[in-house]
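Keep the sequence and the structure side by side as you read.

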Amino acid sequence: MPFDLMRRGHLSAVVMMVHLSACASVSPEPHTHTHTHTQAQTQTRAGSGVEGARRYLRDAGLDETEALIRLLVRFPTVRDTALGAAAPNEPAFREMAAFLKSWSEDAGLTFNAVDGNEVWEISFGEGTPELAFVMHADVVPPGDASGWTTSPYEATRVGERIYGRGTEDDKGAIAALLVVMRTLKRFGVTPGRRVVAVLGTGEESDWSGMKRYASQMSDSTDVISVDAGFPVVFGENGFVAWKLRMPTVLEGPDDAHCLRAVNVSGGEFLTQVPGEAWLDIESNMAADRAFDVHAAVESAVSAERGARGEMFGVEVERRDGVVRIVARGKAVHSSIPEEGHNALWPLSRVAGRLPLCRGGIERMMTLVRDFFDGDDFGVRLGVAYADPMMGRLVVAPTVLRFVDDHVELAINMRRPAGRTDEAFHSMLDAALAKVRSSVDPALEEMSERYVGTPHVADHESHLVHTLLDVYRELSGDRAARPISIRGGTYARLFKGAVNFGPSVPELPYRGHAPDEYIERSSLSLISRGLFEAIVRLSGPKTRIDELDDTAGGSSQPSFGRSLRR
């Protein structure tokens, strides 16, 4: 359902759809669906209790999860940071909250909105210490529409993949957990402690709401984030936001024989390597009206294309008296910049081949070219280092904007252990001095520098061992070990928290990218993994390989055969 329909009061249509999904296994492609059981028939065959719930999830859980994903993806929960505290009360968030409340009540679960719409809780069971699964319901913008082959806010199954914004980050995981919780409740399984899904609404932009929530949570709570990957993630690099700006007009001689840069833009979000960037220029050569700006730009683009090869696409367009240079790369999550192609790089190179007039845009293009182009690890900035356990620092310029009388560049870094906070701040100070000396002394740092501390949990804890056992049994990978990642998740806000899914080793990560998708096999692994985590951490520790599968067929999952390892 298009979002404009929901804004005109058609939320009831969405609520009706979830009642349908609760009554039967729903397949997006009936002609490929092989199940013929109704929900009641499947539940009767599965039996009761933990074992019945486990069998039911195996037989019908995947289709129910996919049906719920379709409903969640339709909410375009992109947070407008300009609205500040009002952001979580935008229509998409209000309507998703209403939907989840209705869905939870129908499932016999408890819904609670905390701190306005900053955090949503969906829970069942009683007792402490609690078992919390932390995820996020907001998403990054779709970005360039040309990068999508499906509609970002209409989950679409193509083969065994489900496409749509948020399918992997993080609405697929939310759907999987909620279906697991509903199934346990439906089969009369009462956990020995309160089990709660904690859904934040500002993970991609503003963590202040979740920080307030985390500060009130007991340290005895077992917290599992489902926003990274398998097997078990016990360490996360520190998140760094570094923003620089340059005045548009700079002191210096005025050259009449130059091309004037009048506008520039690149990237959508701090946490996404830009897949597109553009630069608008016009002639400043009043004495030579015969000068062909378009031809000069085409020549520079042709030369750069020859140097770059086919990795980047660069195009030239005429727009309202200016010539626009459009560079296209490959957008990826900023924690894995080396797996993408930053569109700012070729744009800066093309700019460097043109006789641009001195100014803020021209100087910022020089900065990108000299200190970032081709370098994902901060070598040119002089900030490169590595930790034996967590790997190398990664650096990505992600958002470039012309704002009023300044040009602004936002840079995202993922910082491993190995440097104290004070030492890292000193490194950034030295890098700024180096860039100002080389590019222009008018360059300045904006006030919002943020340097997060790396998060490391105890990899020998009972929580890690339990989750690792679950993953090994479900995947068949008996050699799996806990890992550390570059990404930053809500886990770092909670003492001892770890990540468990949703990304599967050796499968490409598509969060934040155009044509985001999640594999159905990954969803199946996530669902069964979360089910076993709840059972083992809050109830009887029934091992998968000890289950007597009287319903027919083997209960040993086949994920190990389907995952690429």
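A residue is called buried when its relative accessible area is under 20%, exposed when that area is over 50%, and partly exposed in between, using a 1.4 Å probe and protein chains only. Helices (H or I, at least four residues) and strands (E, at least two) are DSSP runs, numbered from the N terminus. By these terms helix 4 is mostly covered, with 20 of its 25 residues buried.

A word on the source. This is a predicted model: local features need pLDDT of at least 70, side-chain atom pairs count only at pLDDT 80 or more, and totals for chains, interfaces and linings use all residues. Residues are numbered from 1 along each chain as its sequence is written, and side-chain values use heavy atoms, with hydrogens and water left out.

Start with the whole chain. The protein has 14 helices and 25 strands. Of its 565 residues, 57% are buried. Contact means heavy atoms within 4.5 Å. Among contacts with a separation of 6 or more, 78% join residues 24 or more positions apart.

Go back to helix 4, residues 49-73. The expected span of a helix is 1.5 Å times one less than its number of residues. A straight helix of 25 residues would span 36 Å, but helix 4 spans only 31 Å between its end C-alpha atoms. Look at A60. Helix 4 has a kink of about 60° centred there. The bend at a residue is the angle between axes fitted to the seven residues ending there and the seven starting there.

Helix 6 (residues 171-186) reaches 22 Å from its first C-alpha to its last, close to the 22 Å expected for its 16 residues. What is its surroundings like? After helix 6 comes G188, with a positive phi near 75°. The peptide bond from D169 to D170 is cis, with omega near 15°.

Now follow two loop residues. A137 lies in the loop between strand 3 (131-136) and strand 4 (156-158). T201 lies in the loop between strand 6 (195-200) and helix 7 (208-215). They are 64 residues apart along the chain, yet the C-alpha atoms of A137 and T201 are separated by 5.3 Å. Are they buried or exposed? A137 has 0% relative accessibility and therefore counts as buried. T201 also has 0%, so T201 counts as buried.

A137 is in contact with T77, M96, W120, K171, I174 and G200. T201 touches R79, P88, F93, N117, E118, W120, D138 and Y490. The side chain of T201 also reaches the backbone oxygen of N117 at 2.8 Å.

A further loop residue is T271, between strand 11 (259-266) and strand 12 (276-283). T271 is buried, with a relative accessible area of 7%. Its contacts beyond four places in sequence include V140, E204, H333 and H512.

A cavity is a set of points, on a 1 Å grid over the protein atoms alone, where a 1.4 Å probe fits but cannot get out; lining residues have an atom within 4 Å of a point. Grid points are joined across faces, edges and corners, and a volume is the space filled by probe spheres set on the points. The structure holds 4 cavities of 30 Å³ or more. The largest cavity holds about 70 Å³. Its lining has 11 residues, with E168, L507, P508, E519 and S522 nearest its centre. Strand 24 (502-503) and strand 25 (517-519) are the elements that give two or more residues to this lining. Strand 25 gives the largest share, 3 residues.

Last, some backbone exceptions. Most residues other than glycine have a negative phi, and most peptide bonds are trans. A cis peptide bond joins G501 and P502, with omega about 5°. P502 is in strand 24. E506 is in the loop between strand 24 and strand 25. E506 is not a glycine, but has a positive phi of about 75°. At 55% relative accessibility, E506 counts as exposed. D115, in the loop between strand 1 (110-114) and strand 2 (119-124), is not a glycine either and has a positive phi of about 60°. D115 counts as partly exposed, at 39% relative accessibility.

Key. A polar contact is a pair of N or O atoms within 3.5 Å; within protein, one must be able to donate a hydrogen and the other to accept it, and residues adjacent in sequence count only if both atoms are side-chain atoms. On a 1 Å grid over the protein atoms alone, a cavity is a set of points where a 1.4 Å probe fits but cannot get out, and a pocket is an open set with protein on both sides within 12 Å along at least five of seven lines; lining residues have an atom within 4 Å of a point.
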